[in-house]
Protein chains: 2
Amino acid sequence: MDDTADTADTADTKSGTESSPQAAGISRRRLIGTAGATGVALGAVGAGAGYAAASSNSPEQQATLTSVGTDEVMFHGKHQPGITTAMQARGHLVAFDLAAGAGRKEAAALLRRWSATAERLMAGEPSASDDTDVARDAGPSSLTVTFGFGHSFFSRTGLEKQRPAALDPLPDFYSDHLDKARSNGDLWVQIGANDPLVAFHALRAIQKDTGGAAKLRWQMNGFNRSPGATAHPMTVRNLMGQVDGTGNPKPADADFNKRIFVPGSGSGSDSGSAQSPAWMGGGSYAVVRRIRMLLDDWEKLSTAAQEHVIGRKKSSGAPLTGGKETTEPDLEKTDANGDLVIPLNAHARITRPDQNGGSALLRRPFSYHDGYDEDGAPDAGLLFICWQADPLRGFVPVQRKLDRGDALSKFIRHEASGLFAVPGGAEKGGYVGQALLEG
Amino acid sequence: MDDTADTADTADTKSGTESSPQAAGISRRRLIGTAGATGVALGAVGAGAGYAAASSNSPEQQATLTSVGTDEVMFHGKHQPGITTAMQARGHLVAFDLAAGAGRKEAAALLRRWSATAERLMAGEPSASDDTDVARDAGPSSLTVTFGFGHSFFSRTGLEKQRPAALDPLPDFYSDHLDKARSNGDLWVQIGANDPLVAFHALRAIQKDTGGAAKLRWQMNGFNRSPGATAHPMTVRNLMGQVDGTGNPKPADADFNKRIFVPGSGSGSDSGSAQSPAWMGGGSYAVVRRIRMLLDDWEKLSTAAQEHVIGRKKSSGAPLTGGKETTEPDLEKTDANGDLVIPLNAHARITRPDQNGGSALLRRPFSYHDGYDEDGAPDAGLLFICWQADPLRGFVPVQRKLDRGDALSKFIRHEASGLFAVPGGAEKGGYVGQALLEG
């Protein structure tokens, strides 16, 4: 297509600095150039055809474009972007249903349009026609666009035989309060960026690309810390004030890829499995849950009571049994009264991988805040997104345990749910889902 | 109170770099220290008691805290923060009504609590008790908290005689579609920060401070570009893709203070006027309008048609009569057909200060996006906030003109409105509104 992605197989961040050691630990990432003086960072933007590079501003004006703007994530690669990419400050989740009469052919054309748009926008270029200009003047800002297929997609396109068993509906959980209108959907798109207008621009472009082929089903907005706002990049905090994501598998772990990604390349030459057919090679499954936090209740607890619920120190994320955030909790330790220091129903105990048959998932959430409801309670919480090679060994067993006995459950409410098959990344000249739609 | 604000009279940004030349042009701002190596920037954080400085993280972790996090705006000063402060990436607007039975005394106590919380949080410190920890690990992130009084506040507190005539209700406009439940209110708080969690943390702290004295009336969320994402710091773009705020008065203008701020210091020693009593010295009036953009209609227009509506080039913000963004438009210029190049109903013509008796206001908006409505149209647009010494010479005459003949009006809808008296800044040991409430 163009020359912006000639290192796609080995790199997915093209310029600027990494904001997370976790992301930096991913071997397939490579930094091309380092943002020093910001003028140099500007020069490091790849294609040269992007909004920012094409700007006619004076050098003094350009001097304010930092790595926040210039960082670029590669669209092409073995995996789609937005899975192991460092968390972004702004996110949009959107689901579409195919329109009446639209089938496999229309879906293939849509995924081809979407992939082309994602490639352009992630490089900081305007969309191919009638760009809204909302992202003009900004750099790529670590934009990622990630595409997935829901269970219902396959029957609507006559592709039932290609539907992964891993997409079978999630079991009902006791604590679910799900709004079906905001759950699932034929198609799912995750957009993330470190600039809110760049993210919104992508959302509108993706929506416009649907033409008559698909209609919006639901849409949610989220956020995380701004790059540079915190001195604590290892993990993030959620709106309960908790350190979130401590138990995440690390990209340096030997079995990281096996846990998170489906084996194979998606080229169709692999045999696949009942859980995941060959077209899912290099892909992953996303479980999306809109988890409302009952903050008025939570904030009434003392910090000590909150720590008892979670099993970790709120300030540092360290286990109540001592150490720092990354210290292993001592699950057997008792206090002077003989009580377990980390209670049996503590959230951190239940979600421990070694308490769940070694299952693992990669959490990559956004917080959300949609104002206040009619009772004056905040409509806020977590757009929980987790990634795994197999939901039946990732999300499901953990949620089953949480559903039965998590001390945190009375302070949260799962209000929407989605499960999506996210294929591997597109090759140059190809598009996401091609192995399925043309297989 | 403490030693964090000893330069309050002359500075309101304490450390780090300025992201906007406009803000840098404000003479009362002064940079204390410059963010070079980020470790140095961390050292430049003022009080030393803040979350970030108190962090036990390793130096490697601290190295990612940049000026986005360390920039600190002063709470104390002649004017409240959040008026001439550089625009922030995240904003919350919230209005409260005094609870039944709460009067002047309770309002004074609330403003004292609010001021103490704002001072602490803006310095990057936790709130005085039961902090939620949501901002922990982050720097001040340019947090500002700004307080205002609505028309109804004065009768509820027996202070009718102190009510400025400038707070008389705005006239009805032909194009208004106002939701009263999301308009006005006794008390208004504007929160802005360059980190979304820092802003949310402040919102919850402010809400908690109300105790039983006030109840939430409405709340809105907004955003702007992230610092460093754009090479074009002079102005911002809105969700229509337009450069927004070109006509803003510049702090370097000789009459800037006169246009934006009420004369006097707020100490009560000034005589005041019918429009603005002495307690408003150093204050300003905020007009807040939730302006929905009908983006589906707008985006159907060609860029040329959009430029005809606005009267400016979309790419650069330059007038259609040529030049760059800051070039004066040639309002008499005609094209080969004898038609005005900038049409009579072009938005930029109608809002020109010299077309409105020299009136002026300082626009300082946030964009908003609250998802999609039941028809699939985006609930998105502008949280328009403008500042002026007198709304009858600022917002009102401009909006009257726009109401009659603005080509943009068919693409926008004013859905909520507020008018608030925002007193001058608090002195050390004092609180916002003290001259009114103890006057």
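**Entry 1: residues 80–224 of chain A**

I looked up the secondary structure of residues 80–224 of chain A in this predicted model. This stretch is 27% helix and 23% strand, with its end C-alpha atoms 20 Å apart. Helices (H or I, at least four residues) and strands (E, at least two) are DSSP runs, numbered from the N terminus. An unreviewed UniProt entry annotates residues 80–224 of chain A as "domain: Dyp-type peroxidase N-terminal". UniProt positions are given in the numbering used here, feature names are shortened, and annotations may be inferred rather than shown by experiment.

Conventions I kept to: residues are numbered from 1 along each chain as its sequence is written, and chains are lettered from A and ligands numbered from 1 in the order in which they are written. In this predicted model local features need pLDDT of at least 70, side-chain atom pairs count only at pLDDT 80 or more, and totals for chains, interfaces and linings use all residues, while side-chain values use heavy atoms, with hydrogens and water left out.

**Entry 2: strand 1 of chain A**

I checked burial along strand 1 (residues 90–98) of chain A; nine of its nine residues are buried, so the strand is largely enclosed by the rest of the structure. Buried means under 20% relative accessible area, exposed over 50%, partly exposed in between (1.4 Å probe, protein chains only). In a regular strand the side chains alternate between the two faces of the sheet. Here Arg90(A), His92(A), Val94(A), Phe96(A) and Leu98(A) point one way, and Gly91(A), Leu93(A), Ala95(A) and Asp97(A) point the other way.

I then looked for pairing, which requires that DSSP find at least two bridges between two strands. Strand 1 of chain A runs antiparallel to strand 3 (residues 187–193) of chain A, joined by seven bridges; Phe96(A) has Leu187(A) as its bridge partner there. With strand 4 (residues 214–223) of chain A, strand 1 pairs over nine bridges, also in the antiparallel sense. Lys215(A) is the bridge partner of Asp97(A) in strand 4.

**Entry 3: relation of the two chains**

I superposed the copies by least squares on the C-alpha atoms of residues with pLDDT of at least 70 in both. A rotation of 180 degrees, with 0.0 Å of shift along its axis, brings chain A onto chain B at an RMSD of 0.0 Å. The two copies are therefore related as by a two-fold rotation axis. Asp370(A) has the C-alpha of chain A nearest the axis, at 3.5 Å. Both copies use the same surface, since 100% of the contact residues (heavy atoms within 4.5 Å) of chain A recur in chain B.

**Entry 4: salt bridges**

I found 47 salt bridges over all chains, each a side-chain nitrogen of Lys or Arg within 4 Å of a carboxyl oxygen of Asp or Glu. Arg204(A) bridges to Glu299(B), with the closest N and O atoms 2.9 Å apart. Arg204(A) lies in helix 8 (residues 196–209) of chain A and Glu299(B) in the loop between helix 10 (295–298) and helix 11 (303–310) of chain B, so this pair joins two chains. Both Arg204(A) and Glu299(B) are buried.

Lys314(A) and Asp133(B) form a salt bridge at 4.0 Å, N to O. This pair also joins two chains. Lys314(A) is buried at a relative accessible area of 1%, and Asp133(B) at 6%.
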